[in-house]
Amino acid sequence: MNWSGLDRPTSTSRTFIDGTLGGGGHSWHFIQKLSPNDLLVGIDRDESAVNRVTTLFDRELPASNPNERSTCRVRLIHSSYRDLPQLMEKHDIPKADCILLDLGLSSDQLADRERGFSFRTGGNLDLRFCTDEGISAREMLAKIDEKDLADIIYQYGEERFSRRIARAIVERRKSDPVVTAEQLADLVHRCVPGKIHGRVDSATRTFQALRIAVNHELEHLTKAIALLPNCLNVGGRLLVISFHSLEDRIVKHAIRECPLLKVLTKKPVLPGDLEINENPRSRSAKMRVAERVE
Ligand SMILES: C[S@@+](CC[C@H](N)C(=O)[O-])C[C@H]1O[C@@H](n2cnc3c(N)ncnc32)[C@H](O)[C@@H]1O
């Protein structure tokens, strides 16, 4: 099914916005389908993602000389999708025909030892998408109140043993604070019975909760989802892929209640077995799509 409207015939130029550029996979897919008059905008809160994809596209795409160009124009921006209205004004970006948000974190971030996203690769427990914003997870764990920490782990991680984990972190910081991803994973494994449940390590939920908290992910999403319909042309589509029930709930209610939008997915689109086999991280993905109608 053509959720993005990419295959609809058009004679005018179109603007596609990938609000979560990551490794550039979705943007690359769009670029293959767009024509030289069209514009692809890629945004990421992580500057290293924008730099990496800029290098990749500079290498892979033909020269930007408009007379030679056989692909669409591309503009990559380091920012939050939350700030799209201001970015459109600042960079003279026309209203969009498609805006995509693919929430969560990328494989590049998971593999980056400096930032602690994965307890398998380990490293400094930072967990921020943008290291210039806010405080790192290790700084948060050094000072947060025990009850607030337990609430974060429970709400954002849906972790039943949140109180036990929060207590262990606060006890430990009296003498030897948690500063690395390995230390946090070890501590969680000691608090939660059974290290592996199915294919999921029991530390995954705590890492997810802390990441959502330090990046204020739900606040960015809530604010954006209210503003993005106005950034679309009539007929333009908003696609959101979420990986967490709290994210999905925010998207579901916001698109249902927005008078500018018609929901195209009564139920969320889920990945098939083939996709889950090829990319096990997609198993919890849910995609919702809405179209601007006025
Ligand atoms: C799942 S990855 C996207 C992968 C991408 N679709 C691809 O094909 O490679 C999510 C990306 O969203 C970025 N991100 C998270 N919150 C963001 C925000 N508020 N604004 C912009 N980018 C954000 C992360 O830094 C990460 O690179």
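Each stop below says what to select and what is there. Bear in mind that this is a predicted model.

**Stop 1: the two domains**

Colour residues 15-107 and 217-292 as domain 1, then residues 131-214 as domain 2. Their centres, taken over C-alpha atoms, are 30 Å apart. Domain 1 gives 5 residues to the contact and domain 2 gives 4. On the domain 1 side, the touching residues split into 4 nonpolar, no polar and 1 charged.

**Stop 2: the sheet**

Switch to cartoon. Follow the open sheet of 7 strands in the order β3-β2-β1-β4-β7-β9-β8. The pairing is mixed. From one strand to the next, the twist averages 15°.

Now select residues 15-18 and 39-44. These are β1 and β2, which pair in the parallel sense over 4 bridges. Pick D18 as one example: its bridge partner in β2 is G42.

**Stop 3**

Select C72, in the loop between α2 and β3. Is C72 buried or exposed? C72 is buried, because 21 other C-beta atoms lie within 10 Å, and 20 or more are enough for that class.

Show its contacts next. Leaving out residues up to four places away in sequence, C72 touches I31, L34, S35, P36, D38, L39 and L40. Take L40 from that set: C72 and L40 are 32 residues apart in sequence, yet 6.8 Å apart in space, C-alpha to C-alpha.

**Stop 3**

**Stop 4: helix α8**

Move to residues 181-191, helix α8. Its buried residues are A181, Q183, L184, A185, V188 and C191. An α-helix has 3.6 residues a turn, so residues three or four places apart point the same way. Look along the α8 axis with that in mind. Then show α7 (162-173) and α9 (204-214). Both are among the elements that cover the buried residues of α8.

**Stop 5: a loop arginine**

Select R160, in the loop between α6 (146-157) and α7. R160 counts as partly exposed because it has 13 C-beta neighbours inside 10 Å. Draw a distance to V192. R160 and V192 are 32 residues apart in sequence and 8.8 Å apart in space, C-alpha to C-alpha.

**Stop 7**

Most residues other than glycine have a negative phi. Two exceptions are worth a click.

Go to D92, in the loop between α3 (84-90) and β4 (96-102). D92 is not a glycine, but its phi is positive, about 55°. Why does D92 count as exposed? It has 7 C-beta neighbours inside 10 Å, and 12 or fewer make a residue exposed.

Finish at H216, in the loop between α9 and α10 (217-227). H216 is also not a glycine, and its phi is positive at about 50°. With 15 other C-beta atoms within 10 Å, H216 is partly exposed.

Conventions: Residues numbered from 1 in each chain as written. Predicted model: local features only at pLDDT ≥ 70, side-chain atom pairs only at ≥ 80, totals over all residues. Pairing = 2+ DSSP bridges. Helix = DSSP H or I, 4+ residues; strand = E, 2+ residues; numbered from the N terminus. Axes fitted to C-alpha atoms, helices over the stretch in contact; angles between N-to-C directions. Contact = placed C-beta atoms within 7 Å. Domains from an automatic or database assignment. Nonpolar A, V, L, I, M, F, W, Y, C, P; charged D, E, K, R; others polar.
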